[in-house]
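Good morning. I will take a few minutes to go through one model, starting with its rings and then moving to its cores.

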Amino acid sequence: MRAVIVAFAAILLLSACVPRDGPSTAAVFRSTKEAGIPLIQLTEETVAKIEPLPLGSLSDVFSGPAYQPGIIRAGDEIEVTIFDTGEGGLFSATESSTLPIGRYIVDQSGNVTLPFVGRLRVGNNSVSAAQRLITEKLRTSTVNPFVNVVITQKDADTYAVQGDVEAGAIFPLTSRSEKVLDAIAAAGGPSKKPGETRLTLIRDGKTASQMMGSIVNNPKDNVSLRPGDTVYVTHNPASFIADGAVTTPGEFPFTPGELNLNEALGRAGGLSDARANPRSVFVMRAVGTSEVEQQGGELAAAAPQGGPIVYRIDLTKAKNRFVADKFVVRDGDLIYVTNSGLASLGKIVQVFLSRPPEIAAPSPREF
């Protein structure tokens, strides 16, 4: 963002000598040409080619059913008991038909090694599914086996919340099948505004990020948590700068993807009635190579590798007000409105009238 502002600041410094809030329209045109920065007119066709900036989506990376308690996982201890109601097989007629075969720790690969069964993968299975797996293995050595599996010791199914929250900690997963926003609530909520907060979910070496406001607006992205998940919360405010002939110049925070050019100008108090030139509203932004390829045309010819570009729109045309509604402001955009010609002339006159009158020097006395 700062690199974009610095680049446009260089253009704004190349102003004419007359007092004004910034360069004239002609000066902006001249300066962008000298700097090799593409200047593109905002029209319906231009805006239609601008792809929405991807804001990230947790559901694109993480999906699947909700968390289910009672799943056997690596590190858990299980107790296995075998029952046999048939004659022969593992048990003789004089012995008990119940055989406790002990307790076993599930290794990091999800496997256990059991007597009469051998090595078997039970990890990520429910207790009932593990019972069926062991039973099938026993059918080769006993007539009518039945297996009971109990989780006797369990590594807690937990998730962690860290970063800009009120009370980061490790929390247990429950039968409620907590989701990402539940995790933030459990941690006391974000320490900053939701619209300025980014959530990053880390799971099994995979990472995905999304603005919290976007998750609230898109319930499908409020994905279910899994044991071992980490939700990392960061303050990631987006902002744009409005400068020139606007009523209230400055830097303004906003929620990415939810602000168009008309609304951004409204945040800055609108165009200054006395000074603004509505024919020349400029937006400075940086674009990447993929966006250049998407837009093509003059942008691809002027900046094939991306970089800073300048858009211009004439807001005296009614149809361009609708164009401005479709132009979504991005983090780091700099909006600049030039002065009208009459405003510049008025400043020149004001400076001229404000000069103190010259006092004629006294003529030398003659002696």
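**Rings and cores**

Ring pairs link Phe 240, Phe 252 and Phe 254 into a cluster; rings of Phe, Tyr and Trp (its six-membered ring) pair if their centres lie within 6.5 Å, with planes under 30 degrees apart counted as stacked, over 60 as edge-to-face and the rest as tilted.

This is a predicted model, where local features need pLDDT of at least 70, side-chain atom pairs count only at pLDDT 80 or more, and totals for chains, interfaces and linings use all residues. Residues are numbered from 1 along each chain as its sequence is written, and side-chain values use heavy atoms, with hydrogens and water left out.

How many aromatic pairs does the structure hold? There are six. In one of them, the ring centres of Phe 29 and Phe 282 are 6.3 Å apart and the planes are at 75°, so this pair is edge-to-face. Phe 282 is buried at 0% relative accessibility, whereas Phe 29, at 32%, is partly exposed. Buried means under 20% relative accessible area, exposed over 50%, and partly exposed in between (1.4 Å probe, protein chains only).

Now the cores. A nonpolar core is a set of buried Ala, Val, Leu, Ile, Met, Phe, Trp, Tyr and Cys residues joined through side-chain atoms within 4.5 Å. The largest has 31 residues, and Leu 42, Phe 240 and Leu 261 have the most contacts inside it. Another core, of 21 residues, lies apart from it and includes Val 161 and Leu 201. In soluble globular proteins, nonpolar side chains tend to be buried together.
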